[in-house]
Each structure stands twice: as structure tokens, then as C-alpha cells.
Amino acid sequence: MEEFQRALSSRGVTVASIPGKGRGLVTTRDFSPGEVIICQEPYASAPNKASVGLVCDACFSSKHVKKCSACRVACYCGPACQKSEWKLHQVECKALVALSDERRKMLTPTIHLVVQLILRAKLQQDQVIPASETNNYDLIKALESHMSAVGEDQLVVYAQMANLVSLVLPSLDLDLKEISYYFSKLSCNAHTICDTELRPIGTGLFPIVSMINHSCVPNSVLIFEGNVAHVRATESMPKNTEVLISYIETASTKEKRQSELRQYFFTCTCSRCLKSYAEEDVYLEGYRCSDHKCTGVSLFLSDQRAFICQQCGAARDALEVERIKSGVMQLSEKASTAVSTGNYTEAYSTYKAIEQVECNLYHPFSLNLLKTHENLLKMSMELKDWKSALTYCRLTIEAYQRVYPAIHPMIGLQLYTCGKIEWLLECTDDAIRSYTKAADILRITHGTTSPFMRELLASLEEARAEASYKHSSRERF
Ligand SMILES: C[S@@+](CC[C@H](N)C(=O)[O-])C[C@H]1O[C@@H](n2cnc3c(N)ncnc32)[C@H](O)[C@@H]1O
């Protein structure tokens, strides 16, 4: 631990005991917005089901990926990644080749992650592969597992999964109880690895990042480049500030956030969660007043068995609301089927029907309506209907600005999409405005050096050049 703390202190952070939270990561110097607090490669990582075979197992790049010719499971983007993983994969490869087709099917991403973790630990202990002060087995051993709080049913699942791991690695003398601990550790310490546009592509265990506690009003953000974790400050953080990220989607009500956090065995006490009456929740899940001229929000009052508008007192029959909601559910199923079969025209018209019903049912700030607008944006983009796409993109940006803090990657990414659509529609000045706003946010959350950011900055330059060309042509003629 001393070596670990020494390595951290050179990065301007330390691990400290935080009342009510166990350990936490604390700054030992000032950090400004956009500064990288931690950058770390995973101790172990595995692509998710949708990305297996499409991304490199070593770096998660999706370019030039080829399968290992022996096991046909592991994938690499080139000789450098294959070589860097070879000592570990050599052992894994033999185990995979020996597996029957039936057993190969059991190799889920979580099992794969634990196999990687066990092999790295063993090879580091045998000094076959190097360990470092910030990426070694002692740090994994010291991670919180909450094993004593895990319920009976979950323990049975962990035991079954441990058994599967031992079937994949029969040549190792594995302690099944210890493997169950790994699964429990992963459940409260592993992070979902997302691509730059925040689509999940895998899971990884990062020993320093695992020291960071959660807040629903975080001061930092975790973004990945490939499978390398980057934690950046999203606000000014003076020395002695606890680094806080969000483990969950923060655009949801307190009840939903607390329920999602149960997997981590704590109750969040951030400023949002401490509010006894959260006005934002009322709007996020609220219904529209039956009088459409009224902007109030209706809440279900059980004693009156009706939804009552909090502004004008108008009542809405609970049974009628339930009937409309079940109609929306049926339409949603129809839309999902249309999406999965690639029938985007039908999906678009079904989401339009949902939007119409929801506009009459929910308050305009409702998360349900936001989801429908996100779906309509996706479908219009699939159909290359750029005008509709622009309408829905702008609507979602307005909603994101209500539900997220000003510096949030989701707002930056949506502004970037908006800029791209405006550019396609030849609305150059609008595109410049959207790209500029996107860059202002994303240079804080994503930094400036990744290919993704270079692409955004190049698009902004191109739009500016086009605008000044148009401007100068107008002056000339
Ligand atoms: C990824 S670890 C973070 C480091 C951890 N505190 C430790 O001591 O190892 C996640 C665990 O930290 C604790 N934790 C994280 N955020 C918390 C919070 N806001 N309040 C209380 N406990 C928290 C929970 O025990 C959770 O399962």
C-alpha cells in the first residue's frame, strides 16, 4: 500500500478513509476542469456479448480485428496487441482449445473477465508478466467485496459461476470460494467500458478507479479511450477534494437511483439524494394536467384514487391513465419488433403514435417522453430524414440540459450530433454554433487529443472555413 500511495502522490491524489464510505480518492493538489486525474489501463477486461469478435481483446480498438487462429475466441487488432497479451493468452489459448463446443458457450463476458483476472494474478505472482505499483494483485485482493451482505440466492449464482471458471481452467488448482469473492468484487468495483459515444462495449477492473466513490452530483467523469480509463475533473477541484464519479445514469428519480445503487450496498447521501422533497422527480415522472391549457403536473393521490394537478387541482381518472399506459406498452412492443427486423419506416410511425399519446399523458419534462424523442431521433437518422432528425435532436438537447449538469458528456455528444445534422442540411451557422458548444463541453469530458475530438475540431474548422468563404463571396458579388 505504501508503494501504491507513493505512486498516487506523484499524480496529485491519495487514498483516504472517508466517513461512511470506506476508502476514497482525494486530491492532494488543485485540479481544473478537463484535467486528467487518473488514467489507467485495466487489470483485466473483456468485451461484452455484442462486441466479442468485433473489438481487440487487448485495446478494444475495432480496426483490423482478427481472431486468434488457434482458439478462434481471442481477437487482436495487430501484432503489437497480440504480442503484449501473448504470455497470458498462451495459457488461456490452450485452455480454450481444450474446451468442448458445449463448454465454450458458457464462456460469457463475466466468466471471461474472471478467467483473465485469475491468469494475470497467477502470472504476476510467478513473475512471468510484470506488476506495477498501481496494477497488481495485492490491490485486487484489497478491493471491497461486500461478501457478508450478499444474499443466499446471489451466493448460489456466484458458486455456479465459480464452478464454470474452474471448468475453463482445469489445470489450475482453484479455490472456488476465492473465485466467488472475485464475482462479488466485480459487482461493486468493475466499470462498464463505453466507446467515445458512450455505447457499452465491455467491462474492466481498474484498481485506482475502484477507489473512487459515487455521487449523483459528481465532480468528475469516467471516459474510455479504447479500454483505458480516463477520469477527468468536470469542475475546479481544490486540494483535499474527494474525487466523485457517478456509477449510474443520473437522469432519473431518487427512488430509481437508490434502487440501482443497491448492487453496491450503500445508500447515497449526496445533496440530490438528501432532499426530502425532490421537485425534479415530480416532473421527471409526472403526468400532464387534464386541462391542456394548464402547465401543472398531476400526481397520483391514493386517497382520491386519481391524478390531481398540483397547480389547478383538476382530477384525472386513474383507470383512464392506466388504460392509456397499457396502450403505449403495446405500441412500444410493436416499435421494438419493427426496429429489430430493420423496418425503420414502421418503427418511426409507431414511435410517432407513441409520442402523440405520451404528449397527452405525461408532463413535457417527463423522462418517458425524452426516451420516445431519442427513439424518433434514431429512426429519422436510420431513414436519413435529416429534418425530422434535427427536430428531435434539438428536443433531446433541451431535455438533457434540464436533467444533466452543464458539463456532461451526453449534452456534448448530442450537440455534436446536432452540428452534424445541421451541416448536412447546409445550415452552416447553426452547425458552427452546435459544434462550438459541443467542443466546449467535450474538451472537458473527453480531452482534446483523441481521434474523436480531433474529428470534431476538424468539422468545426471546416464549417468555419465554409462560413467565411460564403461571407466573402457575398461581399464580392
Ligand atoms: C468502487 S468501490 C469504491 C471504494 C470503496 N469505498 C472502498 O473502500 O474500497 C464501491 C464501494 O464503495 C462504497 N461507496 C461508494 N460510494 C459511496 C457513497 N456515496 N456512500 C457510501 N459508500 C459508498 C460502497 O461500499 C461501494 O460498494
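User: Is the crossing of helix 15 and helix 16 left-handed or right-handed?

Analyst: In this predicted model, helix 15 crosses helix 16 in a left-handed way. The contact draws on P409, I411, G412, L415, Y416, C418, G419, E422 and W423 from helix 15. From helix 16 come D430, A431, S434, Y435, K437, A438, I441, L442 and T445.

User: What classes of residue make up the contact of helix 15 with helix 16?

Analyst: By class, there are 11 nonpolar, 4 polar and 3 charged residues.

User: And how do I read the packing itself? At what angle do helix 15 and helix 16 pack?

Analyst: The general idea first: for two packed helices you quote the angle between their axes and the distance between the axes. Here, helix 15 covers residues 409-424 and helix 16 covers residues 428-445. They pack at about 155°, and their axes are 8 Å apart. Because of that angle, helix 15 is roughly antiparallel to helix 16.

User: Which residues does UniProt give for the "SET" domain?

Analyst: The unreviewed UniProt entry puts "domain: SET" at residues 11-248. In the model, that span is 32% helix and 21% strand, with 26 Å between its end C-alpha atoms. The entry also lists "domain: MYND-type" at residues 56-93. That stretch is 39% helix and 11% strand, and its end C-alpha atoms sit 15 Å apart.

Methods: Residues are numbered from 1 along each chain as its sequence is written. This is a predicted model: local features need pLDDT of at least 70, side-chain atom pairs count only at pLDDT 80 or more; totals for chains, interfaces and linings use all residues. UniProt positions are given in the numbering used here, feature names are shortened, and annotations may be inferred rather than shown by experiment. Helices (H or I, at least four residues) and strands (E, at least two) are DSSP runs, numbered from the N terminus. Axes are lines fitted to C-alpha atoms, for helices over the stretch in contact, and angles run from 0 to 180 degrees between N-to-C directions. Angles under 35 degrees count as roughly parallel, over 145 as roughly antiparallel, 65 to 115 as roughly perpendicular and the rest as oblique. A crossing is left-handed if the near helix is turned anticlockwise from the far one by less than a right angle, and right-handed if clockwise. Two residues are in contact if their C-beta atoms, placed from the backbone, lie within 7 Å. Ala, Val, Leu, Ile, Met, Phe, Trp, Tyr, Cys and Pro count as nonpolar, Asp, Glu, Lys and Arg as charged, and the others, Gly among them, as polar.
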